[in-house]
Amino acid sequence: MKITVTTHDDNLIVLDVSEDLELINFKALCEVETGIPSQETGLTHNGQLLVDDFSTMKNLGVREGDVIIIQRVASSATAMDHSFSSPSNNMLPQFDFSRIQVPGSSNSNNPGTNRQHQMQDAEYVRNLFLSSPEQLALLKQNNPRLADALSSNKIEEFSKVMAEQMEERKKREDQRIRMMKAHPFDSEAQKLIAEEIRQKNIEANMEAAMEYNPEMFGTVVMLYINCKVDGYPVKAFIDSGAQTTIMSSACAERCNIMRLVDSRWAGLAKGVGVQKIIGRIHMVQVAIENDFLTTSFSVLEDQPMDMLLGLDMLKRHQCCIDLEHNVLKIGTTGTETPFLPENELPDCGRLTTSSDHDGSKNEEKELKKAIDESKRMNQSSGGSSNSSQSFKETDITELINLGFSREQVIQELKRFNGNKNEAMASLFAKILKF
């Protein structure tokens, strides 16, 4: 059921909770959303204060669409004293987010103890989400970063992300307080107000999309079909936005057709990125279901997809992408072949795969390689700083301001005998090539 929670500063939060959720766990969820510690939280429903922490929302009379008001009733010290003097001190202690400290924070007097408390709190919240599938589903939609840390099964990572988000929330709240105290015509206050209005519009737009078009938040499966190239099975990607049909060099090796590559057609394929074309295979037989069709391939050196059926083949054989029946129709023969389900897609065609992590690792390797190469260049150049004396310092400074290192600028100026324009063109050309 959906419950609207409002705070003292008129912030509205909609929570989707179960009727069997206990009040103490509901307070913990409210603490995550509002940043108000649960021990300082007073919840009011229909004019009555909710006090029984271990009663379910249903037993407390909370129903679908009800409004609960959150009020700060006491400071942390007062709440602690009250917990010892209260008759209900035999109850289990409530979860306290106020102990959480960002690692390395100056507020932590005892880093070891604070980190231990932080890990305990993170473990509690993690178990709370894992025990509630509804809240876990909402977390994946509203906070993907924290949900990814939760699914990684690493409590240290989850604790770190949760502490960072709590700290960011605290900073935003402090910013909000400064904004309210500032002069209404102060430029910084006006910027903060405009940013807050923009964020609220974004949240309202997202809530409307989740309510009226929830299918937009699902993942779309790429269009692949099974086929055979020269007798070898291949999963081909259907791409009507590609001008030509493409095959990777690795797939061409597996299909034993690299011997047919005409290197005279080598060049560069430009689209979202730039890739090297090894050459062209002028005619290959492709088997789709019981049809044998002929097509040509441009063979790419670094292509993650094995084969990509482009617009040239789709138009030549009058193919029709039928999304209603989830099939590809070949107009020249009338044959239909189904698109592959998600579990049969290759790794490069999956949206929920570890390829993003692999890509980031490859980028880190490339970056490390570039840094090592730059260090070797610096060591080999040795007296490059001395050679800079022959160039104008204004030219060197101007090129450095464009984002290049001093060593790169000096090296290119040396290549072009101090010509600033030619050195600048060479530097940008190397970036585009990379």
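Me: What share of the 434 residues of the protein chain counts as buried?

Reply: It's 33%. Buried means under 20% relative accessible area, with exposed being over 50% and partly exposed in between (1.4 Å probe, protein chains only). Keep in mind that this is a predicted model: local features need pLDDT of at least 70, side-chain atom pairs count only at pLDDT 80 or more, and totals for chains, interfaces and linings use all residues. Residues are numbered from 1 along each chain as its sequence is written, and side-chain values use heavy atoms, leaving out hydrogens and water.

Me: Why does Tyr 224 count as buried?

Reply: Its relative accessibility is 1%, and the cut-off is under 20%, so Tyr 224 counts as buried.

Me: And what makes Phe 237 buried?

Reply: Same test: Phe 237 has a relative accessible area of 8%, which is under 20%, so buried is the word.

Me: How many aromatic pairs does the count come to?

Reply: One. That pair is Tyr 224 with Phe 237, and it's tilted. Rings of Phe, Tyr and Trp (its six-membered ring) pair if their centres lie within 6.5 Å; planes under 30 degrees apart are stacked, over 60 edge-to-face, and the rest tilted. Here the centres are 5.2 Å apart and the planes make 35 degrees, so the rings pair and the label is tilted.

Me: Where in the chain do Tyr 224 and Phe 237 sit?

Reply: Tyr 224 is in strand β6 (residues 224-229) and Phe 237 in strand β7 (residues 232-238), 13 residues apart. Helices (H or I, at least four residues) and strands (E, at least two) are DSSP runs, numbered from the N terminus. By that count the chain has 14 helices and 15 strands.

Me: How do the axes of helix α4 and helix α5 cross?

Reply: The axes of α4 (residues 133-142) and α5 (residues 144-151) come within 6 Å and cross at roughly 125 degrees. Axes are lines fitted to C-alpha atoms, for helices over the stretch in contact, with angles from 0 to 180 degrees between N-to-C directions.

Me: Why is α4 called oblique to α5?

Reply: Under 35 degrees is roughly parallel, over 145 roughly antiparallel, 65 to 115 roughly perpendicular, and the rest oblique. Roughly 125 degrees falls in the rest, so α4 is oblique to α5.

Me: Which residues in α4 meet α5?

Reply: Leu 136, Leu 139, Lys 140, Gln 141 and Asn 142, which meet Pro 144, Leu 146, Ala 147 and Leu 150 in α5. Contact means heavy atoms within 4.5 Å.

Me: How do you know that strand β1 pairs with strand β2?

Reply: Two strands pair if DSSP finds at least two bridges between them. β1 (residues 2-6) and β2 (residues 12-16) have five, in the antiparallel sense, so they pair. Thr 4 has Val 14 as its bridge partner in β2. Three bridges also join β1 to β5 (residues 67-72), running parallel, and there Val 5 partners Ile 68.

Me: What is the order of the open sheet of three strands?

Reply: β13-β14-β15, with antiparallel pairing. β13 (319-322) and β15 (335-338) are the edge strands, as each pairs on one side only. The twist averages 20 degrees from one strand to the next.
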